[in-house]
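Colleague: I am new to this one. Can you show it to me and take my questions in turn?

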Amino acid sequence: MASMNIILFGPPGAGKTSVGKALAARLGREFVDADPLIEARAGFSIPKIFSQRGEAGFRRLESEVCAELAARDNLIIAPGGGALLNPANRAALERGGLIVCLRADPAALLARLQAEGNRPLLAGDDPAQKLNALLDSRRALYDSFPEQIDTTGRSVPQVAEEIAALLAPRALAVNAPGLQHEIALGYGLLNSLPVLLAERGFTGPTVTVTDENVAPFIVHRSPLIVLPAGEQHKTLDTIRALYDAFLKHGLDRGGLVIAVGGGGVGDMAGFAAATFMRGVRWVNVPTTLLAMVDASLGGKTGVDLPQGKNLVGAFHPPSLVVSDPLALNTLPHGERVSGMAEVIKHGVIGDTGLFETVEAGEAFGNVEQLRRAIAVKARVVEADPFEKGERATLNLGHTLGHGVEAASGYTLRHGEAVSIGMAAECQLAVRLGLAEGVTADRVTQALARAGLPTTCPGLDPARIREAMNSDKKKAGGRLKFALPKRIGEVTWGVEVDEALLSDVLRAIAD
Ligand SMILES: NC(=O)c1ccc[n+]([C@@H]2O[C@H](COP(=O)([O-])OP(=O)(O)OC[C@H]3O[C@@H](n4cnc5c(N)ncnc54)[C@H](O)[C@@H]3O)[C@@H](O)[C@H]2O)c1
Ligand SMILES: [Zn+2]
């Protein structure tokens, strides 16, 4: 298993300490309860720290202890109940660790607290009300952790087992002739990258390519090439600079390029690897949600031209994709939300269960959600590696979304534009009699629930329509749409009457 800390969090009575001890025993690791450590540090009990130094004094000690524990490795940690309310403590612990939020029904929590006895929370005449007030005030925090385990009615060993299962890496693959690549997905795998490479016999000269936003998070073991961040740098000039850097670092035909970053870095490093010395091997380490579930899969690489996006490129699959969900912890909120558009898209294309978890409001970026979203794309690419047919279903939301993206002057993020495109294309599907109204409603609600826009008031419908024309994916001069029939099934190659299209464009821009 990869090396990292595992942090157990959740409301009082959820089992952080008992599960933590059981998990530590199961994995042969050390368990650390933060509160006793704080008491030992201060030399007296927590109530006394509060009375002598005030809450601020306690919180200071708590932050010190969190930072110390975060700097160590392979621990099972139970931080205090309020420790992660401080975003700095959370960020420190998430930097090299997985936070698992243990939950239970209020009644189960109360019963456990009563069985333990003697908790300050139970003092007073209405403990249930006190507990509910605490749960309400922290619900948003608890909900924000991607990994959630409901411990209601489960034994301590069962919960420990479930956490251990979360830690096991998942092996996936795109099995298509000419596009074959394997995908290793799992918490902490970034730390294991040297082992993963050695296991596969990658021993030649190696360079790592990243961008300026991701570079600070990389522990680099090979020469690091840092590109400027942003789509405006996804150009042939940057590729030229990459060739220079490859030569400077002695990369040869037996060498390896490692890309660590979002889809931009992957597309550029992959294209440089495809063309440098007629092709060298590369490994893709996606660090955005969009790149993990979409851009890193399927072997497409390339750059933009002033005339349009992705106009130059090559199919050159990476030898390996390594996706570590912990990399998503530093991703800005807007980028995460944007990536959810592609997760939802993959649910609509081919995984009803995945769609339902998003519909139910599950936090994004947990390992099972990623596995399912990756599996949908892998299956579609396997069925149609070189986009002769079914691979076009991956364009769901994109035909219209690209128009919206361009008409907004690229002020909308890709995922936001795709979300608007998906909602609008669902309307097209309903108007064409392909899908029922309820399907469109569910998709639109799931997108909104994930924090994505589904309309673009103020954009000019004519500009959107005009921008859709420059989409290189239009076949034979005609616009073709991928449209949903129901959740889990999408059809492609659909032509849409102009009057209907302009109706729907007017409706979303109203
Ligand atoms: N090859 C394909 O099949 C394919 C498919 C879809 C999209 N794409 C391409 O992918 C690109 C979009 O991908 P993207 O959304 O990942 O864009 P991106 O690479 O531009 O990353 C988005 C932003 O997040 C930053 N970032 C990345 N990882 C981070 C992390 N872990 N912590 C903090 N910041 C981080 C980046 O520096 C950047 O500012 C586009 O160029 C698109 O054309 C390619
Ligand atoms: Zn997309």
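Modeller: Start with ligand 1. One of its nitrogen atoms is 3.5 Å from a polar backbone atom of Ala295. This is a predicted model: local features need pLDDT of at least 70, side-chain atom pairs count only at pLDDT 80 or more, and totals for chains, interfaces and linings use all residues. Residues are numbered from 1 along each chain as its sequence is written, chains are lettered from A and ligands numbered from 1 in written order, and side-chain values use heavy atoms, without hydrogens and water.

Colleague: What makes the Ala295 pair a polar contact?

Modeller: A polar contact is a pair of N or O atoms within 3.5 Å; within protein, one must be able to donate a hydrogen and the other to accept it, and residues adjacent in sequence count only if both atoms are side-chain atoms. The Ala295 pair lies at 3.5 Å, so it meets the limit. A backbone N or O atom of Lys300 is 2.9 Å from a nitrogen atom of ligand 1. Gly263 has a polar backbone atom 2.7 Å from an oxygen atom of ligand 1. The protein covers 85% of the 850 Å² of accessible area (Shrake-Rupley method, 1.4 Å probe) that ligand 1 has on its own.

Colleague: How many residues surround ligand 1, and which are the closest?

Modeller: 25 residues surround ligand 1. The closest are Asp211, Glu231, Thr287, Thr288 and Thr330.

Colleague: Which residues make Glu342's metal site, and how do you know that they are donors?

Modeller: Glu342 (OE), His398 (NE2) and His414 (NE2) coordinate the zinc ion (ligand 2) at 2.1 Å. Donors are N, O and S atoms within 2.8 Å of the metal (3.2 Å for Na, K and Ca), so these atoms qualify. Water is not among the atoms, so sites may look incomplete. In sequence, the donor residues are spaced E-x55-H-x15-H.

Colleague: Are His398 and His414 buried or exposed?

Modeller: Both are buried. Buried means under 20% relative accessible area, exposed over 50%, partly exposed in between (1.4 Å probe, protein chains only).

Colleague: Why is Asp150 called partly exposed?

Modeller: Its relative accessible area is 44%. The side chain of Asp150 makes a polar contact with the side chain of Thr152, at 2.7 Å.

Colleague: Which residues is Asp150 in contact with, leaving aside its neighbours within four places in sequence?

Modeller: Arg103 and Ala104. Contact means heavy atoms within 4.5 Å.

Definitions and conventions:
Near = heavy atom within 4 Å.
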